[in-house]
Amino acid sequence: ATQGHVDRARRLATDPAARARRASVLKLPQRVEDVGGALRAAQELVDAAAEDAKQLAEEMDGKETEDLKAALGAAQGGRLPRGTAGVVKDLEDMQKRRRTRTQRDSLDVALADLTSFYRDVLALQLGSRIALANTDAEDALERLARSSTPESTLRRIEAIAACGEALDRNVAPLLAVEAMTMALRAG
């Protein structure tokens, strides 16, 4: 399931929320049967990534800001010395970029999970004897393998890759993921 990523294995082994997010992502292929389901699945995937970014920000941003203000000589709850507002603004900009990157990283993990799901579908369709990465979703894999063709599975994998490329080009996450889920629906 982690495809050789030690940090990911550690996170899945120790974090119930990470396991729940992965399970939710692996259910996405069954949820894109109609347009409404595809769009809801996209929204939920983007919302989950945004929630990950928000949680990280809550953990780090306040402490970083307070530490910086203390280092700049601001008394507890007091005003900053003259000429230091730019430094605080730089920190806020960095924190905003980190939230965006965290959201994109979370989406990247979801895209990797989806790619591995469709890789397993393709392996079943082609009769390959390689080990499945998503044995916990074997029923869904077999159902999708029987109901589609290897060509449509390859188009779905390409749609996932196109979503990742769109995210790399700073396309709005919801737009990129909606386009992907609609392509997954179409096959």
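1. Let us start with Gln125: apart from its neighbours within four places in sequence, Gln125 is in contact with Leu144, Ala145, Ser148, Thr149, Pro150 and Thr153 (contact means heavy atoms within 4.5 Å). Before going on, please note that this is a predicted model, in which local features need pLDDT of at least 70 and side-chain atom pairs count only at pLDDT 80 or more, while totals for chains, interfaces and linings use all residues. Residues are numbered from 1 along each chain as its sequence is written, and side-chain values use heavy atoms, with hydrogens and water left out.

2. Where does Gln125 sit? Gln125 belongs to helix 4, which covers residues 85-126 (helices are DSSP runs of H or I with at least four residues, strands are runs of E with at least two, and both are numbered from the N terminus). Gln125 counts as buried because its relative accessibility is 18% (buried is under 20% relative accessible area, exposed over 50%, and partly exposed in between, with a 1.4 Å probe and protein chains only).

3. Among the contacts of Gln125, do look at Thr153. The side chains of Gln125 and Thr153 make a polar contact at 2.8 Å (a pair of N or O atoms within 3.5 Å; within protein, one must be able to donate a hydrogen and the other to accept it, and residues adjacent in sequence count only if both atoms are side-chain atoms).

4. Gln125 also takes part in a helix pairing: Phe117, Tyr118, Asp120, Val121, Leu124 and Gln125 of helix 4 meet Ala140, Leu141, Glu142, Leu144 and Ala145 of helix 5. Helix 5 spans residues 138-147, and the two axes lie 9 Å apart at an angle of about 60° (axes are lines fitted to C-alpha atoms, for helices over the stretch in contact, and angles run from 0 to 180 degrees between N-to-C directions). Helix 4 and helix 5 are therefore oblique to each other (under 35 degrees is roughly parallel, over 145 roughly antiparallel, 65 to 115 roughly perpendicular, and the rest oblique).

5. Elsewhere in helix 4 you will find Ala112. Ala112 counts as partly exposed, because its relative accessibility is 35%. Ala112 and Ala161 are 49 residues apart in sequence, and their C-alpha atoms are 9.2 Å apart in space.

6. Now for another helix pair. Helix 1 (residues 6-14) and helix 2 (residues 16-31) have axes that come within 5 Å and cross at roughly 105°, so these helices are roughly perpendicular to each other. Arg8, Arg11, Leu12, Ala13 and Thr14 of helix 1 make the contact with Pro16, Ala18, Arg19 and Arg22 of helix 2.
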